[in-house]
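Subject: Handover of a protein structure

Dear colleague,

Please find the structure below, together with its sequence. I would be grateful if you would read the notes that follow with the structure open beside you.

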Amino acid sequence: MALEFLETDGPRSSMPDELHHPFSKYTQWKFKLFRVKSLEKAPVSVETPLEKETASGISDPNLCSAPNKELDNNNSTGSPMTLCLHVKSKDIVEPPDQSMDIKATEIDKHINHLRCLCRLCGILLRKIPGPIHDVHAVLDNESKNSLRKMGCTSTKWPEVIRKVFQVDVSQDMESVHPLSFCHRCWMTAIRGGGICNFSGKKVHEWKPHGALCPLCSPKKQLFHKIGRKRRITTPRAQSLVKRTRLDQKYNTVNNESQSPRPFGDHLHGPVVKIWNPSVHREYWVRTITHCQKEHLSSTLVCENFPVDFLCSFTCMVCDHLLSDPVQASCGHLFCHNCIMKYKHFIGPHCPACNLPCSSNDLIPPAKTFLLVLHSLLLRCPRDGCGQHVRLNSFKAHCMSHDAEEQDARQQSSRLDNYLITNKGGRPRQHLLSLTRRAQKHRLRELKNQVKAFADKEEGGDLKSVCLTLYLLALRSANEHRMADELEVTMQGRGFALHPAVCLAIRVNTFLSCSQYHKVYRTVKATSGRQIFQPLHALRAAEKELLPGFHQFEWQPALKNVSTSCNVGIINGLSGWASSVDDSPTDTITRRFRYDVALVSAIKDLEEDIVEGLRERGVEDSACTLGFSVMIKESCDGMGDVGEKHGGGPVVPEKAVRFSFTVMSISVLLSKDDEVTIFTESKPNSELSCKPLCLMFVDEADHETLTAVLAPLVAERNAMKKSRLILSVAGLPRSFRFQFRGSGYDEKMVRELEGLEASGSTYVCTLCDSSRAEASKNIVLHSITRSHEENLARYEIWRTNPFSEPIEELRDRVKGVSAKPFMETQSTLDALHCDIGNATEFYKIFQDEIGEVYKKENPSREERRSWRAALDKELRQKLKLKPVMRMNGNYARKLMTLEAVQVVCGLVPSEERREALRELMRLYLQMKPVWRSTCPDKECPDQLCRYTFNSQSFADLISTTFKYRYNGKITNYLHKTLAHVPEIIERDGSIGAWASEGNESANKLFRRFRKMNARQSKAFELEDVLKHHWLYTSKYLQKFMEVHKDSAKVLQGTSDPVEIQDIESMY
């Protein structure tokens, strides 16, 4: 029965639906539990003789009606509030239903009080101007944009409040905590950037409703003698008017308990106050208006006017002469400041007649009244003056007295300067030459005065008052330039750049620490402003961008990988399990842990992920299956990176870099529905290729290379079987990774998959064809090799189960001679394919110039002469300088129709010229298919005709150029003609998965090594890896795109010669 009563007759049962709080169902359940608990803890009633007789079966109508009479006369003393106040009665106890109803009414009144207060500071919400904010709400656009600019990525207020005020509001209850916070606390959170609290404000501690609740039953503060001065507290509204004895007598007659008056009763109905001018005005002046020193007393009036006439010129609040008078709708007059402060502290009603009085009702009095008021003659209170001055000129008269006194003091001080006084000790020093402690001691009185003014007039904003005083001092001294800069800083539009902007400029201009610090000091000294941030600010900014800053979790945990998240740059040999027989490695390597680097890369793309979800219209509730991330891996040698300076022999110093690129991110809406929300627009750029491992090792050294990359392979295999839990946009997200090792050249693929070298009989890394078979059947081949197939063949090679001879065994395993240790994607590298085919065409050009088709086995001297003639013609006509080794830029310029036309000038036969032109035309028709990022959209016609063009190309080289391709063919030319259509049909693209980004980053290694030159190569390698990672950060690239001009100016200040290099980067 009690539960039904709570559900149907509760205090909120009649409330309309639109007024229900979002957490009302949850809180009603708590109220029911609270009421039941309160009944269980209620004192057991003592049976009266009446109850005993009723229980024994005696039914007397007079006795049965007695309890009802007692209840009707309100003589019950067993209510919950009475019990809470320890007013016990042994005779009468209220029924349980009425007790619960009173308890619910008290809780509702307590909740109404809480709704008027701020959750954080505890101040009344109506006292703070500005909007009211919900504690449990989502950030609005204004707050989100403000916090996003300052680096905060939170999306809900509980997260921001936990970081700024160090309090968790997610477990708040409506019966204990307020549900809103004021605009002043909102400003504190915004100024702190959603991370810290600069105001030092303490959060109010909230307690459940009890017997002596400070909100429902407030008491005056007791100031015990604890060694500190008593503060002047702001009075409560109910403490301004004392209850008369008549009210107390009336309450005693009605048997009302003399409990303290609940706080906030004036919000629910008008309160009748008894007017006592002699008491209330003096109290209001002392505690509310504080106008004793500003307003004039009526005793200064010279003439002896009647009392009623003089009262018409006095304020009804402070009882002083009217200053800036205003008239209410009821006709009473007040000082403007006094009535505004009165309304702020007590309420919007007239202090004389208690009628409603709002700010819109206040109007200036009649002009005739103002003329009479200003014409009153006042007696000057200064000693020795006694003049009668009009009220409107009384202030100027008093200021003249102050000016005379100030002049007298200045004159006396000048006289004192000429007097020789010896007070002992050292002479008085200037304020700026003192220590900070001495400065505080000297300015303590001024500090107290300014602080008092700020508390009284500006709401405690001491910083704004001091900055304004400094600004006015600069203006008065005609220092307008410094004043303008200070004013801009006060408005939030300072000249200083963001630390992330300075970090982006430094990384993209390749400035060392000393060079940047030199520019920082030079700009600060010449301009007088701190435009660039110091180095320590840059180091703090780069910590958030480097791997090892963000928290994450793997489910299940990665096998043989530490669960620590704060892991930065580590030694690349740390995961190498060495044995006793192993010799020490002669290499230096530094790397990031693979999973930590992937987490940092995902957080760097956080804004792109959120933007992709918004553009696709995908809600957060639809992302339950998680995200899928496609990773492209690249690894290649950088050649000789040794520094060619200093004494001693020139020793080649080889280096290898392993990097990865986030190609795409898609969200799984269902098992068969996958939506791509991010795709890398420039997959072959060095800006998107993130370095993972740098090592000083030769890529031909198979043992050392496999040993260094073995920990990466272990981490990669562990991540395939797990999923990453990472917070993105304030919500935990699930990510699964797919790895494609496609950014390898022919040499690296053979190293990783355990195949024979490039000059082997087995020409291809995709199929099992030999070089002779590939030259006979040029086009018709399919992909047959895979990582699992190579592992199985290695086991056959190692064990030789059939005891075959070496030649038969080699033919059975198709060229597998070592154990494959890293899985690669069966694809074609577009960059190295261009370079390899350009090398082949370069040799064809030489053979056609020397007419090799007519000769057999030309001498070496003849070939040198043909090459010299070709290089000379290309240099004169196309500005192509000869190179020792074919590179990408030379290959792009050579494989054009213009280059063929130049070569045809050296070919004597017209028929051979036409064959060269046709060969180049067919090649240029096929090239966009494997070079484009998306051939379906960029070159659909060439993709459709690729098979026909490849067959025509094969027929041409097998007939016209048969002398060169009789029983042999190059690796890349075979892949170009035989495997391109199959790869595009499977992967959709070849050019997007190329290693061009990793290759183009070779120049960055040399630039960063020059930028971070140090004595130890280990520390040098760490600096190169760190700055290369920052160079690829999307976050810094956005800043760099906006501040290109600042970067050029900064580089020009440090090294004007390198401005052209910077311009070429953009």
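What share of the contacts in the protein with a separation of 6 or more comes from residues 24 or more positions apart? The share is 67%, where contact means heavy atoms within 4.5 Å.

Two remarks on reading the values come next. This is a predicted model, in which local features need pLDDT of at least 70 and side-chain atom pairs count only at pLDDT 80 or more, while totals for chains, interfaces and linings use all residues. Residues are numbered from 1 along each chain as its sequence is written, and side-chain values use heavy atoms, with hydrogens and water left out.

Overall make-up

The protein has 45 helices and 15 strands; these are DSSP runs numbered from the N terminus, with helices (H or I) of at least four residues and strands (E) of at least two. Of its 1066 residues, 43% are buried (under 20% relative accessible area, with exposed over 50% and partly exposed in between; 1.4 Å probe, protein chains only). Its accessible surface is about 60300 Å², and carbon and sulfur atoms hold 52% of that (Shrake-Rupley method, 1.4 Å probe; for residues, only the protein chains shown count as cover).

Confidence

The pLDDT, the predictor's confidence in each residue from 0 to 100, averages 78 in the protein, and 77% of the residues score at least 70. Helix α23 (residues 594-604) has the highest confidence, at a mean of 94, and helix α4 (residues 61-72) the lowest, at 36. Residues 34-97 have a pLDDT below 50, and the model gives this stretch 54 contacts beyond near neighbours in sequence. Where pLDDT is low, the predicted coordinates should not be read in detail.

Nonpolar cores

The largest nonpolar core holds 95 residues; such a core is a set of buried Ala, Val, Leu, Ile, Met, Phe, Trp, Tyr and Cys residues joined through side-chain atoms within 4.5 Å. Y594, F658, F660, I665 and F737 touch the most other members. Leaving aside neighbours within four places in sequence, the contacts of Y594 include I631, F658, F660, L692 and F739. A second, separate core has 58 residues, among them L766, I783, W930 and Y972.

Aromatic pairs

How many aromatic pairs does a search of the whole structure find? It finds 22, counting rings of Phe, Tyr and Trp (its six-membered ring) with centres within 6.5 Å; planes under 30 degrees apart are stacked, over 60 edge-to-face and the rest tilted. The rings of F510 and Y1031 are stacked, because their planes lie at 25 degrees, with centres 6.1 Å apart. F510 sits in the loop between α20 (499-508) and α21 (513-527) and Y1031 in helix α42 (residues 1017-1031), so the pair ties together parts 521 residues apart in sequence. F510 is buried, at 8% relative accessible area, and Y1031 is also buried, at 4%. Y516 and F532 form an edge-to-face pair, with 6.5 Å between centres and 80 degrees between planes; both residues are buried. One aromatic cluster consists of W554, F592, Y594, F660, F737, F739 and W1029.

A buried asparagine

N684 lies in the loop between β12 (674-679) and β13 (690-695) and is buried, with a relative accessible area of 18%. Its side chain reaches the backbone oxygen of G991 at 2.7 Å. Beyond four places in sequence, N684 also touches other residues, including K632, A992 and S1000.

Yours sincerely,

Methods:
A polar contact is a pair of N or O atoms within 3.5 Å; within protein, one must be able to donate a hydrogen and the other to accept it, and residues adjacent in sequence count only if both atoms are side-chain atoms.
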